[in-house]
Amino acid sequence: MLRPFDQPTRPRIRTIFWDIGGVLLTNGWDRGQRTRVLSRLGVDLVRYEEMHNAANFYWERGLSTAEEFFDATVFAPNPELAFSFSDLWPQVCAESKVLNPDTLDLLAELRQGGHYRMATLNNESRELNEYRLDAFKLRPLFDYFICSGYVHEMKPNAGIYRDAIDISGFYPETSLFIDDKQENCEAAIALGMNAIRFESPVQLRASLAEYGIGSTGQETPVLAGRD
């Protein structure tokens, strides 16, 4: 029987990967946002939704531009519209809001602690990702950014997690991934990463504590058998 000081501990967490939409900010362009913006502009929503998924496949993977995406889904099917992409885009961006200020505070605390590499791991078009990083001053909080619009892969496909692991420079078991979707967390776990499904700032703090990660970012050893 192992004595307490002989018991194995979890590998030290070295990198914390954060989803953005649904954790830190609202989503970038979800159905509710599309409905609000496009309905007030007179766009046929039924026709738009029929084309959204096919066009979005390329846009969120960085394989088409925002202008190409909206030309295919909004302007080409509705030639009578009396506005342009330059009119539409600011309204798309304005749909983004801070979702959980307390979660942003926690992120900033962990960043200030300096004990971990901090990175994003999110599904987002290149243009919306760039806008949101700048508008909400997220860039200083992270060391690097794994975004579907940059690496041409989307969660929960395994490729984007492999890219994140490779870019981190550490073993997957030293990574901790935070996301609001269960399927995304399960995909990370399948590749050997640790994951927390985000529900609230309070719940996230408690879940981080289970990894020995406190509000200052200092990690203490946690016995593997306590899972």
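Which residue forms a salt bridge with Asp19? The partner is Lys155, with the closest N and O atoms 3.0 Å apart. A salt bridge here is a side-chain nitrogen of Lys or Arg within 4 Å of a carboxyl oxygen of Asp or Glu. This is a predicted model, where local features need pLDDT of at least 70, side-chain atom pairs count only at pLDDT 80 or more, and totals for chains, interfaces and linings use all residues. Residues are numbered from 1 along each chain as its sequence is written, and side-chain values use heavy atoms, leaving out hydrogens and water.

Asp19 lies in the loop between strand E1 (15-18) and helix H1 (31-40). Lys155 sits in the loop between helix H7 (148-151) and helix H8 (158-168), 136 residues apart from Asp19. Helices (H or I, at least four residues) and strands (E, at least two) are DSSP runs, numbered from the N terminus. Both Asp19 and Lys155 are buried. Buried means under 20% relative accessible area, exposed over 50%, and partly exposed in between (1.4 Å probe, protein chains only). Asp179 joins Asp19 and Lys155 in a network of salt bridges.

Now turn to Arg139. Arg139 forms a salt bridge with Glu130, the closest N and O atoms being 2.5 Å apart. Arg139 also forms one with Asp134, at 2.6 Å between the closest N and O atoms. Arg139 has 31% relative accessibility, so it counts as partly exposed. Glu130, at 26%, therefore counts as partly exposed. Asp134, at 44%, is partly exposed too. The count of salt bridges comes to 11.
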